[in-house]
Amino acid sequence: MFNHLLSLLIWLPIAGAVPVLLAGSSRPNTARWLALLMAVLTFAVSLYLIPQYHPDAAGMQLVESHLWIESLNVHYSLGVDGISVALILLTTFVGILVIVGAWEVIQDKPHQYMAAMLVLEGLMIGVFCATDALLFYVFFEAMLIPMFILIGIWGGPRRVYATLKFFIYTFFGSIFMLVGLIYLYLKAGTFDLHTLATLPLSLTEQSWLFFAFLLAFAVKVPMVPVHTWLPDAHVEAPTGGSVVLAAVMLKIGGYGFLRFSLPIVPDASHHFAWVVILLSLIAVVYIGYVALVQEDMKKLVAYSSVAHMGFVTLGIFIAFMLVREQGNTDAARLGMQGAMVQMISHGFISGAMFSCIGVLYDRLHTRLIKDYGGVINVMPWFGFLYVFFAMANCGLPGTSGFVGEFMVILSSFSANPWIALFAAFTLIIGAAYTLWLVKRVLWGEITNPHVAEMKDINGREWFVLGAFAAAVLVLGVWPEPLTHLMDNSVNQLVQVLAIHKV
């Protein structure tokens with residue numbers, strides 16, 4: 001089994017979606033239990049990655065390679081490093097929680113909803129495992145289909161608009177990546193990522209390829225100014241769709257920079273690093289102010305995601321300045337490591353925040369902040385967890401939200417104190433919009449009689465929010481297992497930054 005562990009991880013949830021679909025709408029509970037069984041099995045299999053993966057060994061591990069399209073020399077090639085393993089574990093962990101979270105909420109065609117979630121989970125794992133560029137692209141694009149279905153069928157009143165906007169934005173960016181991959185294939189005769197990373201390319205070639213990749217991955221992160229699809233998608237998506245979108249799918253943009261931009265076009269990535277750093281700082285500062293004036297809770301947290309993901313791209317590209325211009329590999333590793341920790345942390349915190357909003361929406365069927373107030377008077381346990389996640393979103397020390405951001409700020413200070421200053425603004429702005437949200441929703445007197453009728457969280461909601469809370473707390477207090485898992489992979493990426501292809 002260990003020879004095909006990655007294939008099992010990818011195809012188990014996808015194959016598991018078939019019996020879930022066959023259960024049909026006449027047996028909704030059967031579909032739910034089958035979906036949960038498949039999600040738990042996938043998570044259990046992903047845990048086998050921990051003893052099978054050796055963090056001190058170099059290169060990709062658990063490698064699989066089979067000829068897929070002989071005429072084009074395309075292989076079904078899989079492999080993982082420490083970064084991939086961490087993101088796969090995040091994906092399978094969230095997969096269980098979105099199934100449990102939707103247990104009673106999704107009453108219309110639950111078998112189709114659960115099946116779409118399982119297919120989406122398998123495709124996202126495929127992205128993190130693929131070591132062939134064309135295979136990566138197939139998984140990268142195929143993810144759009146189940147998410148399109150989830151928003152389009154179970155979304156809000158403007159779901160058609162949000163779904164089309166989401167699809168057009170992400171598909172448009174991907175076209176440029178496909179053109180870039182075809183160009184690389186014509187030069188190398190293969191889509192193998194390791195071979196493409198060693199391909200000699202002029203600075204002009206690298207520059208064109210850099211912007212082709214940037215368009216694809218910037219939309220996924222999303223970066224300013226191609227971020228406008230995200231708030232609409234989040235507002236209209238069902239709670240589970242928002243959780244998966246924020247917790248996992250946004251990370252694929254950052255992961256793409258690590259797999260394509262850094263190793264394949266390192267000179268262009270350094271040459272244009274200032275562009276990404278500038279856009280990241282705009283996301284951190286400006287988008288924070290945009291979040292501050294939102295009236296919809298989901299839209300506020302969606303803009304918060306854009307701001308926090310700015311730390312991921314900032315940490316990745318600040319490393320170029322530190323390595324190429326200062327030769328400071330230690331600070332570069334710190335920034336890269338901080339970006340990776342921020343990706344995992346944001347997955348937990350944003351997933352938890354959207355789950356909390358889902359709890360409120362299920363009771364009152366509104367996401368507008370003005371419709372709430374005094375919630376903690378009738379839902380004290382929910383209020384406790386909501387405040388905890390809000391503190392994590394602010395970057396409170398002791399929570400996972402602090403670790404990654406602090407590492408990136410320290411690294412940025414080594415590169416340029418002004419960059420660090422602007423990056424650190426997120427701790428102030430993030431506290432402003434998050435605490436302002438908490439004050440209006442939780443505190444004060446109850447002015448809406450419907451709020452007075454709300455019941456505190458049940459056992460199912462306790463399980464979902466408690467699991468997220470445990471993850472946020474453990475990573476905040478003890479990040480060493482995660483950083484150790486990714487250490488060697490980060491070191492290899494930093495070494496790649498120092499290589500000049502021209």
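Me: What makes Val438, Leu442 and Trp443 count as residues that Val387 touches?

Reply: Contact here means heavy atoms within 4.5 Å, and Val387 touches Val438, Leu442 and Trp443 when residues up to four places away in sequence are not counted. Do keep in mind that this is a predicted model. Val387 itself is found in helix H18, residues 380-394.

Me: Is Val387 buried, exposed or partly exposed, and why?

Reply: Val387 has 23% relative accessibility. Buried means under 20% and exposed means over 50%, so Val387 counts as partly exposed.

Me: And why is Thr163 called buried?

Reply: The cut-off is under 20%, and Thr163 has 2% relative accessibility, so Thr163 is buried. You can find Thr163 in helix H8, residues 159-188. Leaving out residues up to four places away in sequence, Thr163 touches Phe148, Ile151 and Gly152.

Me: What makes the pair Thr163 and Arg159 a polar contact?

Reply: A polar atom of the Thr163 side chain lies 2.5 Å from the backbone oxygen of Arg159.

Me: Why is the pairing of Glu205 and Lys187 called a salt bridge?

Reply: Side chains of opposite charge can pair when their charged atoms come close. The closest N and O atoms of Glu205 and Lys187 are 2.9 Å apart; the cut-off is within 4 Å, so the pair is a salt bridge. Glu205 lies in helix H10 and Lys187 in helix H8, so the pair ties together parts that are 18 residues apart in sequence.

Me: How do you know whether Glu205 and Lys187 are buried or partly exposed?

Reply: Glu205 has a relative accessible area of 16%, which is under 20%, so Glu205 is buried. Lys187, at 40%, falls between 20% and 50%, so Lys187 is partly exposed.

Me: What makes Lys370 and Asp371 a salt bridge?

Reply: Their N to O distance is 3.5 Å, and the limit is within 4 Å, so the pair counts. Lys370 is exposed at 65%, whereas Asp371 is buried at 19%.

Key: Residues numbered from 1 in each chain as written. Predicted model: local features only at pLDDT ≥ 70, side-chain atom pairs only at ≥ 80, totals over all residues. Heavy atoms only, no water. Helix = DSSP H or I, 4+ residues; strand = E, 2+ residues; numbered from the N terminus. Buried < 20%, exposed > 50% of the residue type's maximum accessible area, 1.4 Å probe, protein only. Polar contact = N/O pair within 3.5 Å; in protein donor to acceptor, adjacent residues only side chain to side chain. Salt bridge = Lys/Arg side-chain N within 4 Å of Asp/Glu carboxyl O.
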